[in-house]
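Please read the points below alongside the model.

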Protein chains: 2
Amino acid sequence: MSEPHQGDRQLMVRVTSRAAGIPGPENFELVEATMPICPPGGVLVRVMLCAVDPAMRGWLSAEANYMTVPDGAVMRAHSVGEIISSNSEKWQVGTKVFGWFGWQRFAAVPESDVLWRIDTSIAPPESWLSIFGLNGLTAWVGFLHLARPVAAQTVLVTTAGGGVGSAVGQLAKAHGLRAVGIAGGAEKIRLAVARFGYDHAIDYRAEETPIATQIAAACPAGIDIFFDNTAGHLADSVFPYLNVGARIIQCGTAAVASWLPPPTGPRRERDMLVKRLTWQGFVAFDHAALFAKALQELQDLHKAGKLVAQDEVLDGLHHAPGAIQRLYRGENAGRLSIRP
Amino acid sequence: MSEPHQGDRQLMVRVTSRAAGIPGPENFELVEATMPICPPGGVLVRVMLCAVDPAMRGWLSAEANYMTVPDGAVMRAHSVGEIISSNSEKWQVGTKVFGWFGWQRFAAVPESDVLWRIDTSIAPPESWLSIFGLNGLTAWVGFLHLARPVAAQTVLVTTAGGGVGSAVGQLAKAHGLRAVGIAGGAEKIRLAVARFGYDHAIDYRAEETPIATQIAAACPAGIDIFFDNTAGHLADSVFPYLNVGARIIQCGTAAVASWLPPPTGPRRERDMLVKRLTWQGFVAFDHAALFAKALQELQDLHKAGKLVAQDEVLDGLHHAPGAIQRLYRGENAGRLSIRP
């Protein structure tokens, strides 16, 4: 199984241009290439699943970002795969691993792009891209490490049905908080409560009741933690319900299509001061030193039945160029990944 | 000296109405009243100096605030004075103290309004309202406790010539940071550098050079800590120069005259995320448990010649009703207080 096979074909998705909004098919090309060989000191990975992440929008943006994928490069992505050839002393052939393997079938990468071992006897490969991947780690770092959760306090989470939001809700319930989610569409709302354990979920697309009224009703004791993946008008509706001493965790800005130029909104300085708020932006990888501890906790919660994944796997790399837009349209039925 | 005298007259400034903008003479009345008597369990204080603070605007606002002074009440203010009569077991006659004594000549207050003892042999009474009062404590809490200063990093401070800003600059220099101040007018700029030790000070009223150009030139390595007392357009000019991981400390919002309704400005969610910023609002009294430690450090710095005050004392309570506006016009030549 591990060795490259005679009939293996390398397929990859390359970035062809910057995206003004959400990256789509016009920003990528699917190409066939020669089979890569194992690099000196590195490994050759047969990719099992490639992630599709909201953060990818930022990587293809012309604007400043914490990470950029240049035109011409294979699309950067977290993936899981099996090492089929190794020139590394650290990683052995046959090991299943998580790392930066990109949107491609075979990845010839330096040792440093292999991030950690995965164990598919604990959970299937897709879970290692969701609850035991960056989704779970992002939720753990942002919520448990940065937001200082306190039992019986209230956390409000946007994109509550998404990969990160669903994990935050479950972590909140496991730690005794009231968890209120906001998501788009009846199915996401249903999942948020029935599968991820949210005490209440608000559909921002339901137009009968103003979102502010729904938030007020769902958070009778106000909001102590606002875990925000959307920004924009939706976040504006939340600010009036923040309690004194509340923490805002900025994990994403999915609801704002373009930041060039930055859109305007209500100034926050007075709220920050009067309510003594703490507002923090973060990127999970800044806290990589905590990942081993976080992964252990996430696995323990999973074993105890307190953390479940919701994954959707698309078959074939031809789905990749349109997958980010699919994500932003909310059409995915769970954490989206692609079997290349 | 301590006892009330035959000829003592009680004078007080009472709040008569909410202020839409900066409170002024129309929101107060100066009245003569009967001499108060020492309350059961409390003390009678002869007030030596009454503070005039930017925060007072919020206390008289019709908008939500962390503190409100109701119509009809004596204007709330920090003051220093001497206890001239005591029914408290904690506080003895003759003790000089700092506390909530208001804008009046004599204050009959419960024991809990007396905050701490002052020592006028170390520094004159006005210093106990400035560097050893809430100005110094606010600077200490916001800068040393919350902003996580690191030697050689750059801090940018607005209202750098004011009571809090001048202390932040001095604390920054004492801890090895590059300190850049923004203030209004040539005299404040001169003081910021010559007296408070700022490495550079920017005059936001000087119209020859755009403020952004001046900030860029003064902060060649970017900004790691933004200690903001102003908010609004001035703060907007600072955001592009914040470094990854920068801390924003919201200490005041002096440049925005009204928050009802909240003015709009550039949305910050993307900056928060991409630069992994931490933005924190605070009120010094939330951290009162640290005050004893802070006061000791402030006194040590003063003794070492690293922390000086800049005070302006007005004679007579008739100055009080117009004093907050004087402060916001920037006409004060230092931390403003009133000898009642």
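The notes below go from the chain arrangement to helix packing and then to backbone details.

1. Basis. This is a predicted model, in which local features need pLDDT of at least 70, side-chain atom pairs count only at pLDDT 80 or more, and totals for chains, interfaces and linings use all residues. Residues are numbered from 1 along each chain as its sequence is written, and chains are lettered from A and ligands numbered from 1 in the order in which they are written.

2. Interface. Contact here means that the C-beta atoms of two residues, placed from the backbone, lie within 7 Å. On that basis 31 residues of chain B are in contact with 32 residues of chain A. On the chain B side, strand 13 (264–266), helix 7 (269–274) and strand 14 (278–281) each supply at least two residues; helices (H or I, at least four residues) and strands (E, at least two) are DSSP runs numbered from the N terminus. Helix 7 of chain B gives the largest share, five residues. By class, the side of chain B that touches chain A has 15 nonpolar, nine polar and seven charged residues (Ala, Val, Leu, Ile, Met, Phe, Trp, Tyr, Cys and Pro count as nonpolar, Asp, Glu, Lys and Arg as charged, and the others, Gly among them, as polar). Because 100% of the interface residues of chain B are also interface residues in chain A, the copies meet through the same surface.

3. Helix 2 against helix 8 in chain A. The axes of helix 2 (residues 134–146) and helix 8 (residues 291–303) of chain A come within 10 Å and cross at roughly 105 degrees. Axes are lines fitted to C-alpha atoms, for helices over the stretch in contact, and angles run from 0 to 180 degrees between N-to-C directions. Helix 2 of chain A is therefore roughly perpendicular to helix 8 of chain A (under 35 degrees is roughly parallel, over 145 roughly antiparallel, 65 to 115 roughly perpendicular, and the rest oblique). Helix 2 of chain A makes the contact with Gly136(A), Leu137(A), Trp140(A) and Val141(A), and helix 8 of chain A with Phe291(A), Ala294(A), Glu297(A) and Leu298(A). The residues in this contact are six nonpolar, one polar and one charged.

4. Helix 2 in chain B. Eleven of the 13 residues of helix 2 (residues 134–146) of chain B are buried, so this helix is largely enclosed by the rest of the structure. A residue is buried if 20 or more other C-beta atoms lie within 10 Å of its own, exposed if 12 or fewer, and partly exposed in between, with C-beta atoms placed from the backbone. Among the buried residues are Leu134(B), Trp140(B), Phe143(B) and Leu146(B). Arg148(B), which follows helix 2 of chain B, has a positive phi, near 45 degrees.

5. Helix 4 in chain A. Which residues of helix 4 (residues 186–194) of chain A are buried? They are Lys188(A), Ile189(A), Leu191(A) and Ala192(A). These cover an arc of only 165 degrees around the axis, which puts them on the same side of helix 4 of chain A; the arc is that of the directions from the helix axis to the C-beta atoms. The face turned away from the buried side carries the exposed residues Ala186(A) and Ala194(A). The cover over the buried residues includes helix 3 (163–174), strand 9 (178–183) and strand 10 (200–203) of chain A.

6. Cis peptide bonds. Most residues other than glycine have a negative phi, and most peptide bonds are trans. The bond from Leu260(A) to Pro261(A) is cis, with omega near 0 degrees, and Pro261(A) is found in the loop between strand 12 (242–250) and strand 13 (264–266) of chain A. In chain B, Leu260(B) and Pro261(B) are joined by a cis peptide bond with omega about -5 degrees.

7. Positive phi in loops of chain B. Ala152(B), not a glycine, has a positive phi of about 80 degrees. Ala152(B) lies in the loop between helix 2 and strand 8 (154–158) of chain B and is exposed, with 9 other C-beta atoms within 10 Å. Arg276(B), also not a glycine, has a positive phi of about 45 degrees. Arg276(B) is in the loop between helix 7 and strand 14 of chain B and counts as partly exposed, with 18 C-beta neighbours inside 10 Å.
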